[in-house]
Amino acid sequence: MVPPRDPRPARGAHQLAVAVRAPVQTGRLPALRAALAAIDAARPGTATFPFADLDEVHFARLLVLDDDTDPDGRPIPASLLYLSEIDAPLARHLERLADRGGAALDATFGLCEGYPPAPDAEARRRYLDARRLPSQATYVNTIGRTALQIRQEAQLREAIEGFLDAADDLPADPVAVRTEVQRFVRSRPDLAWATRRARRPPLPWRAREQLHLLAVVVGLTLLSPLILVVLPVYALLLRLHEIREPAPHLRPDPEHVRALAAREDRAAHSPFSAIGYVKPGPFRRVTVRLVLWLLHTASRHVFTRANLSGIKTIHFARWLVLDDWRRVIFTSNYDGSLESYMNDFIDKVWYGLNASFSNGVGFPKTRFLLFAGSRQEQQFKDYLRRRTIDTQVWYSAYDRLSALNVENNALVRSGLCGSMSRTDARTWLARL
Amino acid sequence: MTLELADIQGLVVRGYGKLAAARYLVAELTDAQLAKRWLERVAGQVDSAQGRPEARAVNLAFTPSGLAKLGLGAGALSSFAEEFVSGMAAPFRHAPLGDVEESAPERWEWGAPGDPVDLLVLLFARDEDELRAAEADLLGPDAGVRVVRALDTSPLEDREHFGFRDGVAQPWIEELGPAPFPDSIKAGEFVLGYPNEYGLLTDVPAGELGRNGSYLVFRQLSQDVQGFWAFCEEATLRPDGAVDEAARTRLAAKLVGRWPSGAPLALAPDGDRPELATANDFGYHAEDAAGLRCPVGSHVRRSNPRDSLDPDPGSRRSIAVNKRHRLLRRGRTYGPLLARDELLSAGAPGEWRDEDRGLHFICLVGNIARQFEFVQRTWINSPRFAGLYDAPDPLMGPEPPGGRTFTVPALPVRERYTGLPRFVTVRGGAYFFLPGIRALRYLASLAD
């Protein structure tokens, strides 16, 4: 993790999920794979994929979706996908990416269809912008916490730890210790930003979010009589589908499992990418739309503060629908190992996971959308490994921090402001 | 579901505490035909969970190469857990298990990549003479088995080499009867084919061959006892440079999470209380969420966090998650044990370093990935366990890029120790399968 160069306070911004997809030119797939491997070998974030310069980026990845045939026998050509989690605004990111990431884009998207032959920054930007896709559901660990803020707060915590290590006779009173820490922070010009609370996203954006929430509540209330009428019919149809749809327990190819294992432990957290087909038929197409809307709405308005129903290890996650709702790709950035991630899924958010993933071909059988499914541990783990694909290039702006670290650092920072009781000061000091 | 005790090997239900002597023979099958005849002969002598041996006991476990040499087909082999098939020393497992640098498998004394390890013979006897006799009876020259390494153990004691009581928080298999403490664990967490903590039957590989078997994880862990106590001593010297014995023991206890007697810090925060030596019925959340008594990063708290982790610390839900990551530990120490007063008194004898001593760590699990590897990786080795920074397990975790730290929560502010050396080095290891006794007979009957 590179310490931030900018001592100014991070501006307030909300987070966006960027997706750009382009079909790979016929015959260029091997060259594209080689280009991605070269970027990966050179450590993303450095010159070949210069994200450390793009301080709005939290995470970014490039991955190839192989050519494939969908369950109806229709071919899907190979494509390249760029996904990033950034701080708004979008236009700034695309401009900077097109400008500073030019070489990386030319080496990768240059092998895709329609790439400008003699690209300049503006041509690249237009290319990316024209191929952007909307992400249907996104989860952000803490909405409004920017990448620069995260890096600055990590630096702050390390500085305070160093101060405490060196301090000889600290007073016994926690309030007095806190005062000493505040004094230390004020004495450091490079930490000047830390004496104020982190900025929130701009007011108009926050007002819009509140209005959206209001609209959702009002809308659902108005629709509730209709929902009550439709629900029994829906439940019946659902059960019929669940009983009928095949869900064989297939084991993953051991070589695939080993290859995935060998790519883990790149940092404090890891990228997860899994792709699958939506089960055929109109029922599942409707269900997956409803579920993704619900998931998105829940993470937008409910799970906004570092806790996804007991899981505190996910930085970002998203569902992106591809190929006219025939396929869905799920990506996330999670702490620890794939094994612990899957255990978290099963132990803590099985219902949400069942609701979304059970619309995919081959998912372990669910009951009433939410139950069973992923609770069949081994079958679920095997399913997930079979659906997991390699993330060829991946960048994290804070690769030594777990999500709990990020949250703790933010609380260390916010605790520098205002006055505190003895108890509060004690609790705050326990964060160090 | 009743356990088929007559078919399950004895090690699953007992550590053979009455048999004070033990030796583990890491062996190669040099002649498959002879080995099968040998296996046919000795299968009847392998101790089952029904026996209560007074003089000697034998248990047998195999690696994939051992099963293959006996004639188990590739299809059947590949139905075993992937971790077992690719093995503990597989390259992509080094970093997650912490088997790097001094502990890298290339340096192992046995179990290194390419080493011929097919079979593990676990021998227990009431004394050394009986043990020698048992070994001679079991492995004649016509066994088709060559001992690659004989791993001796210290006479059985209830403490490990650093000087702390060990093996207190042992999971209790629910099906064996009423537990001596509230939380017992379903048999499927340790024996294949039984209901586990998800309420599912644990996968049985290779048809009936896997039933009543367990995966056995073996790690030879060498302990730097002198390094451990020297670190604790230096870190707690008085300002005038004098040794502070009480502070030294206290820091050691903070690293471990129990006092030397075994008393848990969570119950005995202020000093050792030998009457709590075997206390096991406690949680961390209610009294000690912040770790002021038992540091969050201490060895016992992170290898068995009890009720302290997400989704809802202090609740049944968190305990339920914890129960899916338990290990049935069956290891014994090796190398000469140092007297406890010698360890705890001032001044470190110079000859400590000359001898290798440590733990032959053995654990039995139904799911290597979710139990042993998860605990090793996500709890022991992770420098970010439960929100910590740069703090892998203080006894055995590998060094993270930011250096190793250990934090003792305290008032008004924590004590932080940086630059901890690694006190435990891995010297060998392998994943084995401990089959049921019928399965042993079946293996002996396989065609060449």
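Predicted model: local features only at pLDDT ≥ 70, side-chain atom pairs only at ≥ 80, totals over all residues.
Local features were taken at pLDDT of at least 70 and side-chain atom pairs only at pLDDT 80 or more, while totals for chains, interfaces and linings use all residues. Residues are numbered from 1 along each chain as its sequence is written, chains are lettered from A and ligands numbered from 1 in the order in which they are written, and side-chain values use heavy atoms, without hydrogens and water.

Helices and strands are DSSP runs, numbered from the N terminus (helices: H or I, at least four residues; strands: E, at least two). Two strands count as paired if DSSP finds at least two bridges between them. Strands of a sheet pair through backbone hydrogen bonds, either parallel or antiparallel.

One open sheet of chain A has four strands, in the order β1-β5-β2-β12. Its pairing is antiparallel. β1 (15-23) and β12 (393-396) of chain A are the edge strands, each pairing on one side only. On average, neighbouring strands of this sheet are turned by 10° against each other, with direction ignored. Angles run from 0 to 180 degrees between N-to-C directions, and axes are lines fitted to C-alpha atoms, for helices over the stretch in contact. Strand β2 (residues 57-65) of chain A is joined to β12(A) by four bridges. These two strands run antiparallel. Within β12(A), W394(A) is the residue opposite R61(A).

Nine bridges link β7(A) and strand β9 (residues 327-335) of chain A in the antiparallel sense. T331(A) in β9(A) faces S273(A) across this pairing.

Chains A and B meet at an interface. In contact (heavy atoms within 4.5 Å) are 43 residues of chain A and 35 residues of chain B. The two chains bury about 3400 Å² between them, 51% of it on carbon and sulfur atoms. Buried area is the accessible area (1.4 Å probe) that two parts lose on being put together, summed over both.

Nine salt bridges are counted between chain A and chain B. A salt bridge is a side-chain nitrogen of Lys or Arg within 4 Å of a carboxyl oxygen of Asp or Glu. One example pairs D390(B) with R400(A), with the closest N and O atoms 3.5 Å apart.

Several helices of chain A each supply at least two residues to the side that touches chain B, among them α5 (147-166), α6 (174-186) and α13 (403-414). α10(A) gives the most to this side, with six residues. By class, the side of chain A that touches chain B has 16 nonpolar, eleven polar and 16 charged residues. In this scheme Ala, Val, Leu, Ile, Met, Phe, Trp, Tyr, Cys and Pro are nonpolar, Asp, Glu, Lys and Arg are charged, and the others, Gly among them, are polar.

Over all chains, the structure holds 72 salt bridges. One of them joins the side chains of R96(A) and E56(A), at 3.0 Å from N to O. R96(A) lies in helix α2 (residues 90-100) of chain A and E56(A) in the loop between α1 (29-41) and β2, so the pair ties together parts that are 40 residues apart in sequence.

In chain B, strands β9 (residues 405-408) and β10 (residues 415-418) pair in the antiparallel sense over four bridges. T405(B) has T418(B) in β10(B) as its bridge partner. A hairpin of six residues connects β9(B) to β10(B).

Most residues other than glycine have a negative phi, and most peptide bonds are trans. The bond between L411(B) and P412(B) is cis, with omega about -5°. P412(B) sits in the loop between β9 and β10 of chain B. D310(B) and P311(B) are also joined by a cis peptide bond, with omega about 15°. P311(B) lies in the loop between α10 (299-303) and α11 (316-322) of chain B. A372(A), not a glycine, has a positive phi of about 55°. This residue is in strand β11 (residues 371-372) of chain A.
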